[in-house]
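Work through the exercises below with the sequence and the coordinates open beside you.

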Amino acid sequence: MSEVFRIAIVGSGPSGLSAAAHAAAKGISHVLLEKTDHLSDTIFRYQKGKHVMATPSLLVLRSDCDFAAGKRETVLAQWNADAEKAGVNVRYKAEAKAITGAKGDFSIALTNGDVIKAETVVLAIGTQGNPNLMRCEGGDLPHVQYTLDDPAAYIDEHIVVFGGGDAGIENALGLIADQAQGNAVTLVDRNADFARAKDANVKALLQARDTGRMTVMSETQASLVEVGWVTLETPQGASRVKCDRIIARMGSAPPRKFVEDAGIAFTSEARTAFPQLSPTFETTAPGIYVIGALAGYPLIKHCMNQGHDVVEYINGATDLKPADEPILEAKLAGLPGKLSVTQWLEFLRARVEILYGLSPLQMREFLLDSDVRAFHAGDVIFERNGVGTSLFGIAQGSVKVEIDPKNPKITVPIPQGSIFGEVGLISGRRRGATVRAGEDCIVVEIPRTAALKLMAQVAEARETVNRITTERQILQIFKSGLTPADLAEVLPMAEMMEVKPGQPIMTEGDEGDDLFIIRSGSMVVEKSVGGKQVFLSYVPAGSYSGEMALLDGGPRTATVKAAIRSQVVRLPGEPFRRLLAKKPELANRMRAEVASRRKVNAFVEGRKDNFRGVADMYSSVASFLIDQGIGEATDVLLIDESLCVGCDNCEKACADSHEGLSRLNREAGKTYAKIHVPTSCRHCEHPYCMTDCPPNAIQRGPDGEVFISDACIGCGNCQRNCPYDVIQMDKPPPEKPGLLAWMLFGMGPGPGEPDKDWREKQPKEAVEKGKVAIKCDMCIGKAGGPACVRACPTGAAIRVSPEEFLSVALMERGQG
Amino acid sequence: MARAAQSKRRKTSTHESFLRHRGFLFLKVSTILCIGVVLAYVFQDAHPRPSGGTALGYALGTLGALLIVWLGLLGLRKRAITDGPYSLKAWVSAHVYLGLSLIVIATLHTGFHFGWNVHTLAYGLMLLVIASGAVGVWFYATLPKALSDNRGETTRKQMLAQIHALDEQIHEAAQPLARVDADIVRLSLEKTDIGGGFWRRLFGYYGDCANLRAIDQLEPALADAKGREAVALRKVEELMRRKADALALARRQIHITALLEAWLFVHVPSTFALLAALTAHIVSVFLYW
Ligand SMILES: Cc1cc2nc3c(=O)[nH]c(=O)nc-3n(C[C@H](O)[C@H](O)[C@H](O)COP(=O)(O)OP(=O)(O)OC[C@H]3O[C@@H](n4cnc5c(N)ncnc54)[C@H](O)[C@@H]3O)c2cc1C
Ligand code: HEM
Ligand code: HEM
Ligand code: SF4
Ligand code: SF4
Ligand code: SF4
């Protein structure tokens with residue numbers, strides 16, 4: 001094995017394979033190292049028959065392998081054929097475990113002991129990482145497997161599933177789903193409670209255990225695997241059980257360590273950070289390149305194009321026109337001035353502060369997600385109370401912020417180079433002020449996810465945004481004509497704090513006059529009355545707390561603690577009081593706020609004497625709702641079970657207004673004091689579902705709706721990420737006959753979600769549709785609002801924002 | 001709080017039942033309507049005497065007929081939730097109170113003339129519809145609490161799954177049993193009807209449940225059995241008792257749901273009958289004219 005390859009490519013996913021195919025086509029000496037015994041393991045492991053999507057559709061594919069949307073099997077077969085035809089030199093079962101050496105002379109050590117020598121290395125190992133292996137004796141026997149493609153494939157077997165995370169539980173449940181298969185399934189987990197898994201999964205698991213359909217063993221580990229048997233170490237001692245097959249789903253180790261050990265630096269410590277890359281995909285270790293999902297580009301098309309491009313770069317190309325050129329051209333076409341794409345990129349980069357640190361490659365990627373827009377003096381860029389979570393950067397001209405809703409004449413200018421719209425970015429809440437172009441101007445609009453990615457990748461951008469947002473958020477909250485200059489004394493002393501759920505930021509009776517600004521998350525205010533903590537009110541993000549002690553002195557009158565993980569800014573009392581002295585207007589404003597908060601407190605306390613039980617009820621309902629995650633909701637469906645007649649008209653209306661699939665499950669979910677929180681999206685302030693959506697398909701609508709656009713590729717990430725289990729993967733059923741046809745002639749299944757039987761009887765649609773993520777969109781764009789609420793005949797179902805519900809209204813409910 | 005109001009489109013902040021909709025708006029509308037109609041009736045100058053044939057009679061008849069048609073359209077509205085700033089709750093609220101006002105409107109329309117004819121048939125049917133509607137409102141107001149208390153946080157699906165799972169365990173546990181005893185088990189497994197027909201659901205009567213009978217028959221078998229057979233029987237008996245509990249839970253749910261729907265089986269068909277009789281009434285009135 002003394003051959004030195006020009007390029008060694010590690011990982012045969014879409015990016016690595018495409019690189020290898022291009023190298024082969026160019027006759028460059030190369031080797032493609034693949035850990036498994038087949039190409040492209042990530043896609044290989046998609047569910048059987050999964051519809052693979054090819055987004056963004058505008059992007060031209062530039063690769064020696066073909067790729068079009070279609071079934072997983074078709075895509076894989078195509079790639080196998082392409083690899084063969086191109087003459088790719090692939091080595092299977094070649095898992096790289098360490099990379100040493102320097103440019104021109106790398107050694108890649110494989111786990112099987114071989115060493116591969118290469119001048120350059122392309123890392124295309126994706127982000128899936130390595131599954132944690134069965135470490136006990138016999139763990140390498142062939143009946144130990146780490147994936148489960150098709151639970152229906154196993155019949156009459158004794159199967160032991162290791163791992164109590166979602167993957168393990170879902171696999172185990174899949175294996176017993178059909179009684180007829182006759183599998184005896186045991187689920188084994190190392191820990192006592194299934195803390196890592198989703199609630200619904202744990203419930204289903206425990207139910208399967210209680211009804212005797214599955215054996216569940218916690219605090220248990222394997223000590224020996226033999227053919228037909230496995231020995232388990234339980235808290236009660238060792239036990240040898242029958243076992244024909246082991247499915248190990250014990251999580252996976254992310255590939256970061258392996259990458260870092262090769263001398264490659266990441267952009268930050270954050271779990272979501274990517275390796276630092278040059279415009280040609282080169283890492284901080286010269287000669288090692290990173291492409292594909294590992295480089296932060298999870299879409300297959302991007303991956304394949306990069307595979308092509310990286311080989312071009314390694315081969316010395318410098319003037320490669322990126323494949324996204326036509327998209328960018330189209331994007332920039334309508335703008336004043338006749339600049340080329342490259343000139344535009346440089347124009348923006350050099351003028352917008354948060355873009356200073358970007359490389360030309362990053363600029364391109366960035367602009368693919370963003371928009372450049374020109375406004376004339378006086379044009380509205382966005383309006384107060386409009387919803388939008390995008391961030392704007394001013395490349396030319398300036399804008400004016402109308403800080404006073406009553407008098408649009410009062411404005412604060414924001415100059416060229418700076419940003420605006422950042423509050424929506426941080427808290428996901430609606431716009432606090434109208435912004436107009438002050439003069440003719442050119443701005444870049446950066447969608448939330450793109451902005452977050454930018455902040456994750458470029459430290460300077462992150463710091464700039466954080467500095468500006470804190471300042472602006474404070475100005476916004478206090479209004480009263482404050483300017484950045486007024487805050488000059490206060491701000492440097494401000495302290496950013498992360499608060500864990502339940503952790504107090506101030507405690508009743510304590511001394512202290514600091515003011516707290518809630519940047520994200522939310523707080524609950526409690527007071528001890530008669531020895532009990534009574535819920536007083538709810539403070540959402542974008543508000544402040546602690547003003548009473550600040551204004552009137554004296555100890556804290558209530559305890560304020562985080563409802564969910566929150567970020568607050570602590571402003572020291574002393575300098576702030578000086579600010580108040582200078583700005584009587586601000587002081588008055590805060591006094592008015594204090595007065596209205598006092599009223600609420602007095603109301604609750606007043607009730608306390610007359611209706612002891614009521615106040616108790618009020619606080620316990622409030623804490624139930626907070627436990628249900630209402631603290632991070634912006635809009636939640638609540639059903640009053642003392643009104644609900646169980647007609648399910650809410651579900652039917654939802655299905656009928658949303659392609660035949662209901663996005664809420666009325667019965668599922670928790671209930672307390674007749675308030676039921678059904679399984680339906682809460683439109684979280686910081687939606688977890690948004691965090692890892694490859695095509696960026698999850699967005700926020702004009703009324704704060706979190707919805708999934710047509711760009712969804714059905715990867716299921718959002719479903720796994722949503723802690724409230726409100727996303728399902730499904731494909732819309734065929735069109736039903738109309739309502740009158742059903743009423744008069746009994747045609748079709750009637751209102752609501754059609755049942756499985758009816759769906760199966762319908763002719764197969766001409767085009768195969770893939771399963772996509774389905775969730776409540778808050779009836780976005782529907783006049784009249786949520787169909788589920790409008791369809792409820794009794795008034796049992798309402799959608800409310802938590803601060804509206806957790807107010808005096810709840811108190812009054814208690815009395816009614 | 002310090003932040004501007006969130007959405008322009010949301011008005012609610014708490015639950016408000018259809019009866020209290022917008023501060024009893026439709027109760028007020030309906031009351032005013034009734035008072036107006038009564039005043040008109042009292043002060044009318046009818047010749048020879050108040051009846052459906054006077055000007056006011058025609059007016060009230062038309063008003064009544066229009067109301068009835070509109071009330072009937074609730075059936076469509078309920079199933080076609082189109083876009084628009086309305087809610088079914090508002091419709092039901094108006095339905096209930098305006099429906100009740102028909103008692104006054106239609107009665108005064110007749111001028112208190114009744115006989116054995118199609119006219120009075122229509123009137124009678126209307127009263128039946130209204131009476132059943134009132135029963136419905138009573139159920140809607142009282143039963144949801146029971147429905148909620150009964151199910152706690154268990155869904156119907158889970159209730160059925162629970163019974164299904166117990167069946168399987170019973171099946172498993174019954175494997176070692178002798179032929180005769182196995183027949184008892186089969187009774188529970190194969191003859192148990194969870195919901196049953198309409199009347200069963202309505203009255204919630206399941207005294208003759210096959211599972212209960214099976215438990216009864218197990219008693220003597222248990223007394224005789226020994227050794228392995230006895231162990232298995234005891235296990236089966238325990239499972240069947242658990243199944244009885246699970247069945248009772250599901251059946252209570254089914255029973256309450258049935259009550260919440262049953263009155264509609266009077267309300268809706270008599271609505272159709274009413275519409276037919278009303279048509280006959282109107283046609284006949286114009287024919288004899
Ligand atoms: C369920 C699911 C559905 C998706 N659906 C779509 C879709 O419809 N459309 C779309 O565009 N994108 C989709 N994606 C995203 C897309 O699949 C990935 O982002 C893409 O496959 C990444 O390609 P890659 O080449 O960077 O890495 P991968 O495809 O992850 O390939 C990495 C390869 O490297 C190998 N490897 C890893 N470590 C080593 C090592 N040390 N030595 C040797 N080999 C190694 C692995 O075995 C694997 O074959 C989906 C993702 C998931 C999880
Ligand atoms: C368009 C609507 C209606 C018209 C034009 C109408 C017309 C009339 C007329 C002309 C009469 C007098 C007949 C007579 O004196 O012989 C009458 C009587 C009557 N109407 Fe109506 N009517 C209407 C709706 C209704 C409705 C909604 C009801 C109740 C459901 C109703 C119930 C009666 C009854 C019970 C009588 C008395 C019959 C009798 O004298 O024996 N009508 N109507
Ligand atoms: C003559 C007058 C009336 C007519 C023609 C009428 C007709 C109807 C119809 C067609 C429905 C739809 C049922 C369905 O499709 O599910 C309905 C529902 C209903 N009606 Fe009436 N109704 C009348 C009077 C009343 C009155 C007086 C009351 C109450 C006192 C009442 C209470 C209700 C209620 C509670 C519903 C159920 C609503 C729902 O669950 O969606 N109705 N009615
Ligand atoms: S889908 Fe889940 S995570 Fe996303 S907004 Fe809704 S509740 Fe929150
Ligand atoms: S708001 Fe609309 S989409 Fe959401 S659950 Fe209700 S009907 Fe369905
Ligand atoms: S529509 Fe209203 S009453 Fe009917 S099931 Fe839904 S919440 Fe209950």
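**Exercise 1. Which residues surround ligand 4, and how does the shell around ligand 4 divide by class?**

Solution. Step one is to collect the residues that have a heavy atom within 4 Å of the ligand. In this predicted model, the search around ligand 4 returns A:C681, A:R682, A:H683, A:C684, A:P687, A:Y688, A:C689, A:C722, A:Y724, A:V726, A:I727 and A:K775. Step two is to sort them by class, which gives 9 nonpolar, 1 polar and 2 charged residues for the shell around ligand 4.

**Exercise 2. Repeat the analysis for ligand 5: which residues are around it, and into which classes do they divide?**

Solution. The residues around ligand 5 are A:C654, A:H658, A:L664, A:S680, A:C776, A:D777, A:M778, A:C779, A:P786, A:A787, A:C788 and A:R799. Sorted by class, the shell around ligand 5 comprises 8 nonpolar, 2 polar and 2 charged residues.

**Exercise 3. Describe the site of the iron atom of ligand 2: what are its protein donors, and what geometry does the site have?**

Solution. First, identify the protein donors, which are the NE2 atoms of B:H109 and B:H281, lying 2.0 Å from the iron atom of ligand 2. Second, examine the angles: the iron atom has 6 donor atoms, the angles among them run from 82 to 179°, and the site is octahedral. Fourth, consider accessibility, for which the cut-off for a buried residue is under 20% relative accessible area. B:H109 counts as buried because its relative accessibility is 16%, and B:H281 likewise counts as buried because its value is 17%.

**Exercise 4. Is chain B compact or spread out when judged by the globule rule?**

Solution. Begin with the secondary structure of chain B, which contains 11 helices and 0 strands. The radius of gyration of chain B is 28 Å, whereas the globule rule gives 19 Å for 289 residues, and because the value is well over that figure, chain B is more spread out than a compact globule. Then take the dimensions of the C-alpha trace of chain B, which spans about 95 × 70 × 30 Å along its principal axes. Buried residues account for 46% of the 289 residues in chain B.

**Exercise 5. How does the radius of gyration of chain A stand against the globule rule?**

Solution. Chain A has 24 helices and 43 strands. Its radius of gyration is 29 Å, close to the 28 Å that the rule gives for 816 residues, so chain A is as compact as a globular protein of that length. Along its principal axes, the C-alpha trace of chain A spans about 80 × 70 × 65 Å, and buried residues make up 55% of the chain.

**Exercise 6. Is A:E137 buried or exposed, and where does A:E137 lie?**

Solution. A:E137 sits in the loop between β9 (130-131) and β10 (144-145) of chain A. With a relative accessibility of 62%, A:E137 counts as exposed. Once its neighbours within four places in sequence are set aside, A:E137 is in contact with A:S223, A:L224 and A:V225.

How values were computed
Residues numbered from 1 in each chain as written. Chains lettered and ligands numbered in written order. Predicted model: local features only at pLDDT ≥ 70, side-chain atom pairs only at ≥ 80, totals over all residues. Heavy atoms only, no water. Donors = N, O, S within 2.8 Å, 3.2 Å for Na, K, Ca; no water. Tetrahedral: all angles 85-135°; square planar, octahedral: opposite > 155°, others 65-115°. Buried < 20%, exposed > 50% of the residue type's maximum accessible area, 1.4 Å probe, protein only. Nonpolar A, V, L, I, M, F, W, Y, C, P; charged D, E, K, R; others polar. Helix = DSSP H or I, 4+ residues; strand = E, 2+ residues; numbered from the N terminus. Rg over C-alpha atoms; globule rule 2.2 N^0.38 Å. Contact = heavy atoms within 4.5 Å.
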